[in-house]
Every structure is written in structure tokens, then in C-alpha cells.
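Reader: Could you walk me through how the labels in this model were reached? I would like to see each value set against its rule.

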Amino acid sequence: MEDKWSSFANAWFEEGKDDPKVTIIRVTPDETYYWDTKAGKFVSMVTFIASAVTGIKTDNSDGVEGNLTV
């Protein structure tokens with residue numbers, strides 16, 4: 001716990017790293033899938049907001065996605 005704890009984590013746990021509810025787990029993925037945007041996060045967010053407001057579905061044409069080998 002000592003080498004993984006940061007001051008940022010204190011915002012989430014009242015008792016800090018000594019909180020009995022805090023646990024560290026290690027996850028080793030077998031496969032991964034990603035989604036990213038060509039136009040940037042701000043443009044993507046505006047597109048999704050516009051879609052939510054107008055009710056017109058976005059075509060996600062600026063999206064890039066795929067599998068990664070770990």
C-alpha cells in the first residue's frame with residue numbers, strides 16, 4: 001500500500017491508506033478494446049451533446065476503435 005498510495009487518493013478515503021475498506025488488486029487483462037476520437041475530446045463531447053439535445057443520433061464518424069494485444 002505504501003508505494004501505491006498518493007495524496008490524490010486521500011480525497012476518496014476518509015481514513016487514508018489505513019482505511020480498512022481500501023484494498024489494492026492487480027488485474028492482468030487477456031484482451032483489450034479501445035475507442036478514441038480523431039477530432040479531440042472537446043469536439044466529440046460537443047457532438048454527443050448536440051445529439052442528446054436534437055435527438056439525432058451521431059454516426060461516430062470521428063471515432064477510432066479496435067483491439068489491442070497485451
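## Values and their rules

Reader: Why is glutamate 2 called exposed?

Author: Its relative accessibility is 61%, and exposed means over 50%, so glutamate 2 counts as exposed. Please keep in mind that this is a predicted model.

Reader: What makes lysine 17 and glutamate 2 a salt bridge?

Author: The closest N and O atoms of lysine 17 and glutamate 2 are 3.3 Å apart. The rule asks for a side-chain nitrogen of Lys or Arg within 4 Å of a carboxyl oxygen of Asp or Glu, so the pair qualifies as a salt bridge. Both lysine 17 and glutamate 2 lie in the segment before β1, so the pair ties together parts that are 15 residues apart in sequence.

Reader: How many salt bridges does the rule give?

Author: The count comes to one salt bridge.

Reader: And why is lysine 17 called partly exposed?

Author: Lysine 17 has a relative accessible area of 32%. Partly exposed lies between the buried limit of 20% and the exposed limit of 50%, so lysine 17 is partly exposed.

Reader: How do you know that aspartate 19 has no salt bridge?

Author: For aspartate 19, the nearest side chain of opposite charge is lysine 21, and that is 4.8 Å away. A salt bridge needs the atoms within 4 Å, so aspartate 19 has none. Leaving aside neighbours within four places in sequence, aspartate 19 is in contact with Phe13 and Glu14.

Reader: Let us turn to the helix. How do you know that the length of α1 agrees with what a helix should span?

Author: At 1.5 Å a residue, the 14 residues of α1 should span 20 Å. The end C-alpha atoms of α1 are 20 Å apart, so the two values agree. Just after α1, glycine 55 takes a positive phi of about 85 degrees.

Reader: Which residues make the nonpolar surface patch?

Author: Phe42, Val43, Met45, Val46, Ile49 and Val53 make a patch of about 580 Å². Valine 43, one of them, lies in helix α1 (residues 41–54).

Reader: Why are alanine 50 and phenylalanine 48 called partly exposed?

Author: Alanine 50 has a relative accessible area of 37%, and phenylalanine 48 has 38%. Exposed would need over 50% and buried under 20%, so each counts as partly exposed. Both alanine 50 and phenylalanine 48 are found in helix α1. The C-alpha atoms of phenylalanine 48 and threonine 58, 10 residues apart along the chain, are separated by 6.9 Å.

Reader: Why is threonine 32 not called buried?

Author: Buried means under 20%, and threonine 32 has 23%, so threonine 32 is partly exposed. Threonine 32 sits in strand β1 and, leaving aside neighbours within four places in sequence, is in contact with Gly66, Asn67, Leu68 and Val70.

Reader: Finally, why is threonine 69 called exposed?

Author: Threonine 69 has 82% relative accessibility; the cut-off is over 50%, so threonine 69 counts as exposed. Threonine 69 is found in the segment after β2 (63–68).

Definitions and conventions:
Residues are numbered from 1 along each chain as its sequence is written. This is a predicted model: local features need pLDDT of at least 70, side-chain atom pairs count only at pLDDT 80 or more; totals for chains, interfaces and linings use all residues. Side-chain values use heavy atoms; hydrogens and water are left out. Patches are made of residues with over 30% relative accessible area and no salt bridge: like charges are joined within 9 Å, nonpolar side chains (Val, Leu, Ile, Met, Phe, Trp, Tyr) within 5 Å. Accessible areas come from the Shrake-Rupley method with a 1.4 Å probe; for residues, only the protein chains shown count as cover. Helices (H or I, at least four residues) and strands (E, at least two) are DSSP runs, numbered from the N terminus. The expected span of a helix is 1.5 Å times one less than its number of residues. Buried means under 20% relative accessible area, exposed over 50%, partly exposed in between (1.4 Å probe, protein chains only). Lys and Arg count as positive and Asp and Glu as negative; His and the chain ends are not counted. Contact means heavy atoms within 4.5 Å.
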